[in-house]
Amino acid sequence: MKLESPDAKIYVAGHRGMVGRAIWSHLEEAGYTNLIGRSSEALDLRDPQATRAFFEEEQPDFVVLAAARVGGILANDRYPADFIGDNLAIEQSVIQAAHETGVDRLIFLGSTCIYPKHADQPMSEESLLTGPLEPTNQWYAVAKIAGHKLCEAYHRQHGDDMLTLMPTNLYGPGDDFDLETSHVLPALLRKAHEAKGAAPDGSDAPVTLWGTGEPKREFLYAQDLADAVRFVLETPEEAIREVAPEGMLNVGVGEDLSINDLMALIQEVVGHDGPIEHDPSKPDGTPRKLVDTSRLDALGWEAETSLREGLQNTYDWYRKHEGGIVAA
Ligand code: GFB
């Protein structure tokens, strides 16, 4: 059932992460007054009993499942058990509790790394499970595929209104800037910022990129994803199923760029003029993952924020919060 009433109770799972926060503030700005959230200290979503008790007590009408263990290429590679195990456990307990307490609609957030490593570009929803995954993030991808399949199965068996949005690489204020665990965009913003004037002679020190810098990525501003979530919540289910029979919609911006080109743009935003070096001992990951957004295009949604503008906002946020690392 679509979201209409401003006082419908909406549970944003993961409301303290970058994505959950963006969704929360966006829904609030859109006039929704009955949002609920729980920190991971107050409610461990990997615990099915605790999750079920929370759903029984709160009886949310709508659920946005943005809670997940996330991280960049190195974190995915280093902590495979956490990335598959925690995500499977969260999905299972939240989706099941949503089913058992009869929520009107659940939106599950996946990621475009679920698509095969060498999928045709741009990657359409139909390319799911048509080839091998990128090894560095296969653990996370398998969990996200399972989460989507769980939604699809509940829809098929019980008619539940459960949908999956598959956003491309996300960034924005509140991102994780820890150089070990973060994604590329916040990592390069931080590295460029810290390298400014840091050479012994006061000029800008070099920035080291992982891998070759040749892989291409598409970047979606977290507030734009939040807008897509609101848009999908407010769209009737029949309209969505007409373009997405299995309930899955990619969310992207329609263009990508190489990591080297991203670095050049970041240098402009940050004002870094030093040399760029490469560390070939670090993985490149998937060569390209541009998404096909024709399903959301057909429904009438598109992303608004340019990469340049989103980078500037994210850098402004980082400078204000410099030193404080925000967990996803
Ligand atoms: O953003 P990222 O960590 O993850 O890396 P993925 C993207 C590309 O940037 C890779 C390169 O080719 C990295 O080698 N890169 C260059 C860097 N310098 C850096 C750096 O300083 N830090 C980082 N982190 N990367 C993740 C998946 O894949 O994307 C997740 O592991 C998820 O499962 C997420 O899907 C959206 O784009 O390769």
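This is a predicted model: local features need pLDDT of at least 70, side-chain atom pairs count only at pLDDT 80 or more; totals for chains, interfaces and linings use all residues.
Residues are numbered from 1 along each chain as its sequence is written, and side-chain values use heavy atoms, with hydrogens and water left out.

**Stop 1: K117 and E134**

Select K117 and E134 and show their side chains. They form a salt bridge, with 3.0 Å between the closest N and O atoms. (A salt bridge here is a side-chain nitrogen of Lys or Arg within 4 Å of a carboxyl oxygen of Asp or Glu.) Both K117 and E134 sit in the loop between β4 (105–109) and α5 (138–158), 17 residues apart. Helices (H or I, at least four residues) and strands (E, at least two) are DSSP runs, numbered from the N terminus.

K117 is partly exposed because its relative accessibility is 22%, while E134, at 4%, counts as buried. The cut-offs: buried is under 20% relative accessible area, exposed is over 50%, and partly exposed is in between (1.4 Å probe, protein chains only).

**Stop 2: R295 and E125**

Next, pick R295 and E125, whose side chains meet in a salt bridge at 3.5 Å, N to O. This one links distant parts of the chain: R295 belongs to helix α10 (residues 294–299), E125 to the loop between β4 and α5, and they are 170 residues apart. R295 is buried at 8% relative accessibility, and E125 is buried at 5%.

**Stop 3: D256 and K216**

Go on to D256 and K216, another salt bridge, at 4.0 Å from N to O. D256 is in the loop between β10 (248–251) and β11 (257–258) and K216 is in strand β8 (residues 216–217), so the pair ties together parts 40 residues apart in sequence. Is D256 buried or exposed? D256 is buried, with a relative accessible area of 15%; K216, at 29%, counts as partly exposed.

**Stop 4: a network**

Select D44, R46, R69 and D86 together. Salt bridges with shared partners join these four residues into one network. By the same rule, the salt bridge count comes to 25.

**Stop 5: V270**

Finish at V270, in helix α9 (residues 259–270). V270 is buried, with a relative accessible area of 4%. What does V270 touch? Leaving aside residues up to four places away in sequence, V270 touches L189, A192, H193, K196 and Y315, where contact means heavy atoms within 4.5 Å.
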